[in-house]
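These are my notebook entries on a structure that I looked up. I record each item in the order in which I consulted it.

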Amino acid sequence: MKKITRLAQIASPGDEPLAPLSVDELMALPGLAQSVPPLAPPKPRWLESYDFSLDGFSDFDLPKPTTPEEGERLVNGFLSGLEKLFDPQNNWPFVKNLRLAMDYCVRCQTCSEACHVYVGSGRQEIYRPTFRSEILRRLYQRYLTTGGKLLGPFLGADIELNVKTVWRLLELSYRCNLCRRCATVCPVGIDNALIAREIRKLFSQELGIAPPELLKKGTRQQLQVGSSTGMNPAGFRDLVECAEDIILEKTGKKIKLPVDKKGADILLIHNAGEFLSWPENPAAFAILFDAAGIDWTLSSEQLGYDAVNYGVWFDDVELARIAMRHVTLAKELGVNKIVVGECGHAHKTLCVVADRLLPGDLSLSEMPRESCLPLFWEIVKSGQVRFDPARNDFPITLHDPCNVVRLMGIVRPQREVIKAVCAQPLREMTPQGVENYCCGGGGGFAIMDTLNFSQWRNNVSVRVKVSQILAAFEDVLDADADKCVIAPCSNCKGTLREALRHYGLEEKYRIHYSGLADLMVNAMAELPGPYIKWNQEM
Amino acid sequence: MFEWLMVLLGWGSVLLFVGVSAVKIFKLSRLPLNLRWEVYPSPHGPKERRRYGGSYMEETDWAQKPQTESFLLAELAEMGAEIFFLKRVRKHNPYGLWPFSMAMHWGTYLLMGWAGLLVVERIVGGVGQAVVLAYLVNSVGVAAFVLGAFGSLGLAVKRASHADLRLYTAPVDYFNLLFMAAIFVSGWLSWLADPALASHRAYVGGVLSFSPAALPVLTGLCFLLFELFLIYMPFSKLIHYFAKYFTIHLTLWEDSFRVKGSPVDEKVAAQLAYRVTWAGPHVAAGKTWLEQAQGEKK
């Protein structure tokens, strides 16, 4: 159902959602309609304090402005941030790209169908990749350009800037997974995901407004405590011991995980969430590296044990601070390179985005940063570890984490590894590789669960991924057998965990998920039994 | 008087088009170097890898390997597919814009080519293969008018008639399309009135030799609109073909990693010295980017 007739409606007054959602408007998921709970409206007490006027969902537990002065402060702060967004010194990281995106989009809407949020939502207008971009563009034209000031309505710069516009634009910037699939199909190379990120940046860097999971409990906590999970160095050392216990229990092997080993070849940095939610994954790395004779270490220094860098989703200042600490720690340990564990956004941040944000001594030529996936492939090719594919004799599909695949071009290693350690041929998703869709948890959504935001994620942004998984297992869905989605990324796994629960896919179809290291260890011929146990909470 | 104005406009429009475009490109190129922000597939790397969208990061120890290989041919092939066939619009646009957009773009390319051919014909007139050149001038001109008119009017109708497209179409977008349509339609009509394009040749000859020729109304209108369009184009988003070099070539395909002491490294060092005035509570306002990164306001 089309609810929006004019972009200027973004400024319309009132607390009623501009584009409320209901399940029957979303993209159909054949066979699952009965098992999905309907969308619940926000709790009445939330409505009194918080703003749900975009689509009825929010992750922001910030009191809405109640006086004209508060509203004016918000609007003025937004305008001030908007100016800085287009200032070459304040926004040198992306000012050129942003200006190009503002000035040269031809509004052809070629990007629309590339967006899983737009398609999954049943093509609701507010989720079209260009919707938020066009609003920012019209505000930029109206308030920052001479042409827009003189010829506003002719150029389309007709959007009023008020509290509602500001708030809805904030919400809109968190309705994009930043997967950048749209950028790959744009004939002009305009990146609507970047625009969403720049809007997020404006709110964070100028007004200090960001989802609590990303700023307060995310980057702030990571810089102060050492990890966005709240884990301090002592806690990390305890979890390392837990991983050693898991290895002993599951394999009978006594492996001491190397920590703070000076001069090791590799500093391995995991997403710290792995140690808490899926400790089998870092344990699997240790088993593999031990068997392959790799000289490696973990770091127990603050930030050294948590590869996440949420700044990449919303704040360049925080992004730079965390990346600086990660690379500096590696230098201090005297390792030859950093290898990033199965965490997609940490891959992209350390190996790509931070490259031009750090001093020359920390550039990639001085401290290389690599993905774990090519290393896995090297382990397979080296023959030092013997794999028995028969141990992985179940249907498998592969999710391509956007940050690793579309944004870094790492496509083949994980496929070669699966080919070597699995009995059945890989069931590729449609589409696959660099064209694959986001899991629905990208850009921070995997960890955002304040107010009713997770309801939106589970119903809208993961929808296309669920449809792809069902299609990949279509011919074996009802078979009495376990099936597995391999997702070499912590946030993707977290999103899949919630999606499988929400749609009852584990119960109904025995569809599970796993990291890649776990799958490899599960096939190691020297181990006495299976490493992956499906009936355990993963 | 009008004929003289048209001669001056002929020269002035070309000079303004080139000059303003150059200034715009220069200004864009002077903006700071952006962070790496590539996407795949890209036209870099061996053919097999390009086929599935892989990168050098699929290997281990890639930072130890030199980045000297050029992928110019692959880049040109990919750019050519986009410029001449609008590959992405054809494959992904859900509103059926491709045939109209193709026609409009080819109409524009041919119109520019036709103007160039008229100049070449005048300069080399009567030499060698003049008949072939004359035939080419006539065919290219007519093809430009027909294709351009069909494409720009078709796009205007599409934008006005489809609710989804209409929502995002500003008055300036209709203006641009109708402006272009007016050039192509007036050109088409001028050809119907003068199938040998003699008056068009006479006008171009007059501009080149600074000797104004009498202009039939339709021919004069066609050139007047075309020249005004040349002046207008660099100020509008219609020069997105220049923008593509920055958005695609220098951003989406730019995957070279930084080497200490390289020109990129020096640029980054200079940019890290820029001062930050963001007002967020976690930002240390007034410090440089480097100082921010080094841990101010933990």
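**Entry 1. Domains of chain B.** I worked from a predicted model. I looked up the distance between the two domains of chain B and found that their C-alpha centres lie 39 Å apart. The assignment places domain 1 at residues 2–252 and domain 2 at residues 263–293.

**Entry 2. Overall form of chain B.** Reading along the sequence, I wrote down the pattern as α-α-α-α-α-α-α-α-α-α-α-α-α. I then compared the radius of gyration of chain B, 25 Å, with the 19 Å that the globule rule gives for 298 residues; the value is well over the rule, so I recorded chain B as more spread out than a compact globule. Along its principal axes, I found that the C-alpha trace of chain B spans about 75 × 45 × 45 Å. I also noted that 38% of the 298 residues of chain B count as buried. For contacts in chain B with a separation of 6 or more, I recorded that 65% come from residues 24 or more positions apart.

**Entry 3. One residue of chain B.** I looked up where B:Phe71 is found. I located B:Phe71 in the loop between α2 (47–52) and α3 (72–85) of chain B. Leaving aside neighbours within four places in sequence, I found B:Phe71 in contact with B:Pro43 and B:His44. I also checked B:Gly45, which is 26 residues from B:Phe71 in sequence and 7.2 Å from B:Phe71 in space, C-alpha to C-alpha.

**Entry 4. Where chain A touches chain B.** I looked up the contacts between the chains and noted 83 residues of chain A in contact with 74 residues of chain B. On the chain A side, I found that helix α3 (residues 95–104) of chain A gives the most, with six residues. Sorted by class, I recorded this side of chain A as 42 nonpolar, 21 polar and 20 charged residues.

**Entry 5. The sheet of chain A.** I asked in what order the four strands of the open sheet of chain A stand. I read the order as β2-β1-β3-β4, with parallel pairing. I noted β2 (296–297) and β4 of chain A at the edges; each has a single partner strand, so one side of each is left without a neighbour in the sheet.

I then went through the pairs of strands in chain A.

- I found two bridges joining β1(A) to β2(A), with A:Leu267 opposite A:Thr297 in β2(A).
- I found four bridges joining β1 (residues 266–269) of chain A to β3 (residues 337–340) of chain A, and these strands run parallel. In β3(A), A:Lys337 stands opposite A:Ile266.
- I found three bridges joining β3(A) to β4 (residues 369–371) of chain A, again recorded as parallel. A:Val339 stands opposite A:Glu370 in β4(A).

Lastly, I traced the chain from β3(A) to β4(A) and found that it crosses through helix α16 (residues 344–351) of chain A.

Definitions and conventions:
Residues are numbered from 1 along each chain as its sequence is written. Chains are lettered from A and ligands numbered from 1 in the order in which they are written. This is a predicted model: local features need pLDDT of at least 70, side-chain atom pairs count only at pLDDT 80 or more; totals for chains, interfaces and linings use all residues. Domain bounds come from an automatic or database domain assignment. Two residues are in contact if their C-beta atoms, placed from the backbone, lie within 7 Å. Ala, Val, Leu, Ile, Met, Phe, Trp, Tyr, Cys and Pro count as nonpolar, Asp, Glu, Lys and Arg as charged, and the others, Gly among them, as polar. The radius of gyration is taken over C-alpha atoms; the globule rule is 2.2 Å times the number of residues to the power 0.38. A residue is buried if 20 or more other C-beta atoms lie within 10 Å of its own, exposed if 12 or fewer, and partly exposed in between; C-beta atoms are placed from the backbone. Two strands pair if DSSP finds at least two bridges between them. A crossover is right-handed if, with the strands pointing away from the viewer, the path from the first strand over the helix to the second runs clockwise.
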